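Q: Please take a close look at the aromatic rings of this model. Cover the charges over them, the ring pairs and the core around them.

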Amino acid sequence: MQSVRAKKNLGQHFLNDEGIAHRIALTIDPTELPASVKDKYGSIPVMEIGPGMGVLTKYLMETERDLTAIELDGESVNYLSKVYPGLKVVEGDFLKMDLKEIYQGEFSLIGNYPYNISSQIFFKVLDYKDRIPVVSGMLQKEVAERICAGPGSKTYGILSVLLQAWYDCEYLFNVEPYVFTPPPKVRSGVLRLVRNNREMLGVDEVLFRKVVKTAFGQRRKTLRNSLSPLFGDRIAKIPSDIITLRPERLGVEQFIELTRILENN
């Protein structure tokens, strides 16, 4: 059957290594999930983002779990409908979709995510964090490392804090460019996020995001200098051992406490 042409404007790079595709599919397999959550999340439906020609899809279908593929490219949709006639494919832009219209309850998210929108995909995950307990897949190595990085790392940033507030993030393995058609100019990485036990932050979540984004918006400055234009005199209530630090030195709990201080003043 004729293959699908990779489209640069959609950030398409088709994985052609069956072994790696299988390894990615296993990241949400009940046997591979952490013991604390595999019984709870091992059988929930699965949503795949950007299936392309279905190299990952066929391994996901082997699990016999409820699978829905989200695909923007019409050519890929036509290809998938012919090769996998039993597959439920929704044509459209994941970033613009109301995911509650697809699944009423919880579901896992997986994919070989388009590099040009991977950060946006994970910001959307935050909006559905109470519906998406498990997220895994492949994206640009630097982005995957950033999501999983801890305080003190040069790659630690906005996505690190916001996602780690709600998920346990694990970087799994690297993927080299030569296993794609066409090969990307960057290396790739596979990660897995599993929802933690946090139910509430204890502070206003919108304010928490604003504090994190403002702090890292000028990451080379101390928190005193980056937060002053937005919060004014309220930063005087922040302890000196925090306000004099750069944002990459603060962990999630410290950002929550920082938000609490600003919220109460």
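A: Lys124 lies over the face of Phe94, 5.1 Å from the ring centre. A charge sits over a ring if NZ of Lys or CZ of Arg is within 6 Å of the ring centre and within 35 degrees of the ring normal. The charged end of Lys129 sits over the ring of Trp166, at 4.7 Å from its centre.

This is a predicted model: local features need pLDDT of at least 70, side-chain atom pairs count only at pLDDT 80 or more, and totals for chains, interfaces and linings use all residues. Numbering runs from 1 along each chain as its sequence is written, and side-chain values use heavy atoms, with hydrogens and water left out.

Now the ring pairs. Tyr113 is buried at 2% relative accessibility (buried means under 20% relative accessible area, exposed over 50%, partly exposed in between; 1.4 Å probe, protein chains only). Phe122 is buried too, at 0%.

Tyr156 and Phe216 also pair edge-to-face, with centres 5.9 Å apart and planes at 75 degrees. Both Tyr156 and Phe216 are buried. Together with Phe255, they form one aromatic cluster. Phe255 touches residues including Val161, Phe208 and Phe216 (contact means heavy atoms within 4.5 Å).

Notes: Phe/Tyr/Trp six-rings, centres within 6.5 Å; stacked < 30°, edge-to-face > 60°. Lists of a residue's contacts leave out its neighbours within four places in sequence.
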